[in-house]
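Visitor: Hey, could you walk me through this one? I'm new to reading structures.
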Amino acid sequence: MPDPGNAADLTEFIGMLGELRAWAGMPSYRSLAKQAGPFMRPARVVSPFTVVDAFKPGRRRLDLDLVVAIVRALGLEGAEAAQWRDACLRVHRGARTRGPNGVPRQLPAAARHFTGRTRELQELDELLGDRIPSCGAVVISAIAGTAGVGKTSLAVHFAHRVAHRFPDGQLFANLRGFDPAGPPTEPANVARGFLDALGVPAPRIPTDPDGRLALYRSRLAGTRTLIVLDNAREAAQVRPLLPGSDTCLVLVTSRNRMPGLVALDGAVPLALDVLSREEARELLARRMGPEAVLGQPDVADELIDLCARLPLALNIAAARAAERADTPLSTWTRELHDTRARLDLLSADDSQADVRAVLSWSYHALAPQAARLFRLLGLHPGPRISAAAAASLAGLPLAETRRLLDELHRAHLITAVDRDWYTFHDLLRAYAAELVATDSTSTQAEAARRMLDHYLCTAHRAGSLAYADDASWHPLDLPAPAVGVTPEVLTDRGQALAWYQDEQSVVEQLVSWAHRAGYDDHAWQLAAAQVSYLQKSGLWQQWQQVSETALGAAERAADLARQAHAHRWLGQVHRSQGRQPQAHLELRLACDLFGTLGELTCQGKTQLDIAITHGEEHAYAEAVAEAHRALTLFESTGDSSGQALALNLVSWYLTRLGRAREALPYGLRALELARSCGSLPAQSSIWDSIGYIHHHLGEYEQALPAYHESLRLRQAAGDYFLQAEIHTHIGDAHLALGDTEAARHAWTQSLAILEHLQHRDADAVRARLDTNTARQP
């Protein structure tokens, strides 16, 4: 109880009683005593629920601060005070309407473990500076982001930071834009609560919505008030609640982007993404202690990745890990690796702290067609998808698919990388995969077929444009794609190579996915359609992986021709990686299978691979003999391109045997045939060989133009790896001419390519640079 001898206590208590009277609608003291009879009894013998329920609907809402203050003034503490507080919360959950001086202080408590967001807070700070000139309009920030990304936490944290700059109060309302329990809150109902908090007596609050909203705006005119409108569904829900005064600040949070609020109402958009890795580490350190993070940084980073750097997921994971303090963090992380169980584990038995539940609120707010597309995206391996691929997946026209993708983007269920590319984080992907698994088996199978056909048709088109004149290219006889498939539009080599670069990781994943799912035709064909790109780009690990998967698919289908091709691809990748015994084994298997099948052209190409493998082992005589055998096969089939390649290898290995003068006619004949076929890669290889022959004959001035022509053609063909060898040869020729600086420049370019590819030849080039650096004065 207040001390009657303490004037400050007594004044405060009288003020509380005055607020209680205003809260009841300013009745006479006689009617107040009758209406609030329970307060006249000793507080310890009156049920809090009886007292709270005594205030009938239509009266002003309970003020939690006021109730708690009076209860404490009456001498109740601990469990008894908490019981009164809980009773108030039951009637009006969580509302904090007015402080002790009648000024509304409705902000919820700020998040205890709020972390990072330095850039975003700076942008919000700038709203209060001089950067936005006074124009009579309210200043609005529209904070948008996916579910669980921390929009409310950011808004509330910032609001607390600047609350002192808004002495007329802070209003907060959850607009329940995505609440599964009911429809979004009507603006007029929000205004009613705000008018309550602003001290407007109940009889003076208009009953009609427009009048209520008008009074709300009138009460805010000329005031310095901060309004937080949390969890808005759309701009139409927010717009009526915007005051007309530029002395106010409105913070709006939503899972949807609100372009209308930006365009028509001058809102400043603030897109909130997942945390940076550093911010995520800081959050875990605050929740779990720095030792848990700094002591095992790799495990902590793994946990961060599994939680997709989503604040809600990280907070739940940290809380769950804290509950199991005796369990190593690595064990908890290992459990999260199971994507089927991840969403179950990221739940704290509370709908507000359950990643699946929180994501579901956004999903259930979608229109049916957009929801269907979101589910189907769960079939895609990621990390990103083009608009055309999404159209194929859904079996819809491209224009309609773009509209649906835009809807998902506005709902923050996907992210637009640019106009034609979209992505979403792993937890959203897991949720979409969980949803699509509930669709019928036929629906899933049809969508999967369209997706595979999209990538197969596009990859084959890209290969035809980029490598049609290359011996490594294997054209396919594809059936017509499924109805609804929209392949990418590619018209030239540059577009084809760009598509391969953009989609390589997706196609690689689809090869494995197709094989696991039993689509063996697609698995093998997708591998065949990208082998040339992987080979030319020096992507050895990916090349080996797709080749092994292709072999498995061909063996399960008992297709000997496809097995032969897969064995050849594996032989090539083993050879490129210096594993010559394995290369010989795979290439001989391929050669024998092609011979059995009567595929003489493929058999000849495989013999060329065997020749190169001998050459890698410095067995140059065997390499020349194998190249001659291949030449005989190509001559028997009239294959000019194959003859050019075989003649080139004969000239190369004769030069390595010290027979350069004998080698030159083979090289010139090879160049003539390659030109007649129009093969740029073949011409590039032959020009390199001709330059190499001139080099070994001591004709360095003639070697350099040949090397440069080889490099030009190799670059035009998009053949990245073999450019390194040509740069090395150019450097060697410059060194022989005494131009050390030009030699070092060429070797440096070669080394950059080889180091990027982590190729074993980098050591030899590095040695050239080191040796010639030491020789310089």
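Guide: Let's start with confidence: pLDDT is the predictor's confidence in each residue, from 0 to 100. This is a predicted model, where local features need pLDDT of at least 70, side-chain atom pairs count only at pLDDT 80 or more, and totals for chains, interfaces and linings use all residues. Residues are numbered from 1 along each chain as its sequence is written, and side-chain values use heavy atoms, with hydrogens and water left out.

Visitor: Okay, what does the chain average for pLDDT?
Guide: The average is 84, and 84% of the residues score at least 70.

Visitor: Where is confidence lowest, and where is it highest?
Guide: The lowest is helix α3 (residues 48-53), with a mean of 44, and the highest is helix α28 (residues 580-597), at 97. Helices (H or I, at least four residues) and strands (E, at least two) are DSSP runs, numbered from the N terminus.

Visitor: Which stretch stays under 50?
Guide: Residues 21-62 have pLDDT under 50 throughout, and the model gives that stretch 64 contacts beyond four places in sequence. Contact means heavy atoms within 4.5 Å.

Visitor: New topic: α30. How far apart are its end C-alpha atoms?
Guide: They are 26 Å apart in helix α30 (residues 620-637). That agrees with the 26 Å its 18 residues should span at 1.5 Å a residue, because the expected span is 1.5 Å times one less than the number of residues.

Visitor: And which residues in α30 are buried?
Guide: Among them are Tyr620, Val624, Leu631 and Phe634. Buried means under 20% relative accessible area, exposed is over 50%, and partly exposed is in between (1.4 Å probe, protein chains only).

Visitor: What covers the buried residues of α30?
Guide: The cover includes α28, α29 (600-616) and α31 (640-656). Just after α30, Gly638 takes a positive phi of about 70 degrees.

Visitor: What about Asn231, buried or exposed?
Guide: Asn231 counts as buried, at 16% relative accessibility. Asn231 is in strand β3 (residues 226-232) and has a positive phi of about 60 degrees.

Visitor: Last one: which peptide bond is cis?
Guide: The one from Gly382 to Pro383 is cis, with omega near 10 degrees. Pro383 is in the loop between α19 (368-377) and β6 (384-386).
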